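Here are some short notes to read beside the model. Take them one point at a time.

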Amino acid sequence: MKAFVDSILSGVLLGSLYGLFASGLSLVFGVMRLVNVAHGDFIVLAAFLALAFQHVTGIGSPFVMLTILVPLMFVLGYLLQRAVLNPALGPDILRPVLITFGLSVIVQNGLLQAFSADSQKLQGGRIETASIPLGGGLAVGTLPLLTLAVAVAVIGSMQWVLYRTRLGRALRATSDDLTTAGMMGVNTPHLFGIAAGIAMVTVAVAGVFTGVRASFDASAGPAWLIFAFEAVIIGGLGSLWGTLAGGIILGIAQAVGAYISPAWQMLAGHVVFLVALMFFPRGLFPRRSE
Amino acid sequence: MSAKMTKVVQSSRTSRVAGLAAIVLVLALLSAAGWADRGTLSLLMEFFCYLALAEMWNLLAGFAGIVSLGQQAFLGLGGYALFFAALRLGWNPLAAFLLAGVVGAIIAVPSALVVFRLHGAYLAIGTWVLAEVLRLIFSEVASLGAGSGISLPVKFAKSVRLGPMHRDAVLYLAALGLALIVILASYLLLRSERGLALTAIRDNELGARSSGVKIFSVKLAVFAATGMGTGLTGALLYLAKLRISPSAAFDVNWTSYMIFMVVIGGVGTLEGPIVGTLVYFVLRQYLADLGSWYLIILGVVAVTVMLRLPMGIWGTVARKYDISLFPTRRRVLFEEAGSGGGELCAEGSSAAQE
């Protein structure tokens, strides 16, 4: 029983990481109806960049690297959106899907070329093994708990930006009606760039936390994209807190699957996703309007 | 539109000449089974398998509006169905091959019921999840070699023959036949009323629905048919390779190659994938040794073409010179409109793009 509760608990904390993966995907889809198929590969890129910066600067903590990584990824997201993705947006959904799929192939093989196929891990130091006792023989790792707190903070700030700021109002207006928002003076190409930049900030944070949690390699991107996507669909399109909840449900499913048999870890996650899709096609926490 | 004499045509002189040329080319290709050497035959076999895959992906994405990133699901299923029939049921190669098609079609139906709940890009990733699920399941099936895969015995491979023809020639003819059937079937489908319904769905789902198109059943039929065809192609490819493993058979790169060929050649035309497959094979011949650089180059080429030349090589040429070798669109000819006659394309897609 204790092992089972333990695995549920680790599922919740793993799921918060998936929620972090998914928040950027969810934001970009909400604002410009774009699904970035290379999303997972950018998370891997962020993890590798953190690793490279660690080597170059000699600073021990990968979390310090976020001070470089966050602005860098924001700029990368903004430029990529303006130069490559904005021209592809339009009524034809085929083009953005295929272009981001192409980007995924480019990033993945570029990482393979630059960092080889070897597994890597970010060394987080003492925090990796530290834990907080919960009583009854249960303990929760400090790092997973920090990940959950960070996921809540990231999604909370995105929610705050969306609903409490001028930028958020423009983003929501564009999401509701692109043409009218443009007529009201919203500079949509710039706004899309900002949204993509914010998504890349979540990617940077997700990359560092996932890199400290477990080892990763250049080909991990597609799996992470799929987890992010499943979290978004389970949670319901257009709801950021729903996305976090979706990630946590996915994390629990995987942890319970792994508890039954290691082979079942991934499969259980996918099965829960497919079942959710069958019975709750709009997700468990759909946005009220629509 | 006050012209008094109008008629709707699908053919043109170019298309009739092209039809004739195609027949001559097919006869020449058929004869290759008799005179080409084994290396050439196996390269040609692979070419026609890839062509069939590209044409089917094009039918899904370019005509039915179903952008799938999970076609490797059906390719892998077809391969595994063949191996299962050969190794565990003791079937002959032909029966095992046909089973692959049946399995592809049967699995496509429940898959469609799930993924068709998603739309656009989400549908694309949904199909990918299905392929992942199959990869994980086949990694656990011990009787089919689990994660490390399984081989076909040489005896089975040698039993693939037809009269005096050895295995390479038979596989080549099967691949050629498959590609031709896929192209011909797409051509006939797209020229039919059902094909018009299909493109109407792609261009405007709501409009098509309100015009009485039964969207779900049309999409389902196309998805099942391509599931069958992709399964058969997978069976052929793995009958040639003689070894299958889950990570190779359900590799998303299969779909990457399909997309590359279709995008380079031109989405939404039957000629485009032929051009794209040729380009792909030429690039592969020269670049495959470069390892990951090869895939980076393919990716860069595909993204650039998608941004600069969204209609692909064939689509751009065809538009510039107004040619169509296998015309699927309907044209209205105005016979009173002066010399040469005014032409109007009556198909939805051209109207939407212009």
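1. How many residues does the contact take from chain B, and how many from chain A? This is a predicted model. In it, chain B gives 33 residues to the contact, and chain A gives 33 residues.

2. Look next at the side of chain B that touches chain A. Three elements of chain B are listed as giving two or more residues to that side: helix 5 (120-138), helix 12 (253-265) and helix 14 (292-308). Helix 14 of chain B gives the most, with eleven residues.

3. What kinds of residue make up this side of chain B? There are 26 nonpolar residues, four polar and three charged.

4. Now turn to chain A and its elements. Chain A has eleven helices and two strands. Along the sequence, the pattern is α-α-α-α-β-β-α-α-α-α-α-α-α.

5. Is chain A compact or extended for its length? Its radius of gyration is 19 Å. The globule rule gives 19 Å for 290 residues, so chain A is as compact as a globular protein of that length. The C-alpha trace of chain A spans about 60 × 50 × 35 Å along its principal axes.

6. Check the burial too. Of the 290 residues in chain A, 51% are buried. Here, a buried residue has 20 or more other C-beta atoms within 10 Å of its own.

7. Last, consider contacts along the chain. Take the contacts in chain A with a separation of 6 or more. Residues 24 or more positions apart account for 75% of them.

Terms used. Residues are numbered from 1 along each chain as its sequence is written. Chains are lettered from A and ligands numbered from 1 in the order in which they are written. This is a predicted model: local features need pLDDT of at least 70, side-chain atom pairs count only at pLDDT 80 or more; totals for chains, interfaces and linings use all residues. Two residues are in contact if their C-beta atoms, placed from the backbone, lie within 7 Å. Helices (H or I, at least four residues) and strands (E, at least two) are DSSP runs, numbered from the N terminus. Ala, Val, Leu, Ile, Met, Phe, Trp, Tyr, Cys and Pro count as nonpolar, Asp, Glu, Lys and Arg as charged, and the others, Gly among them, as polar. The radius of gyration is taken over C-alpha atoms; the globule rule is 2.2 Å times the number of residues to the power 0.38. A residue is buried if 20 or more other C-beta atoms lie within 10 Å of its own, exposed if 12 or fewer, and partly exposed in between; C-beta atoms are placed from the backbone.
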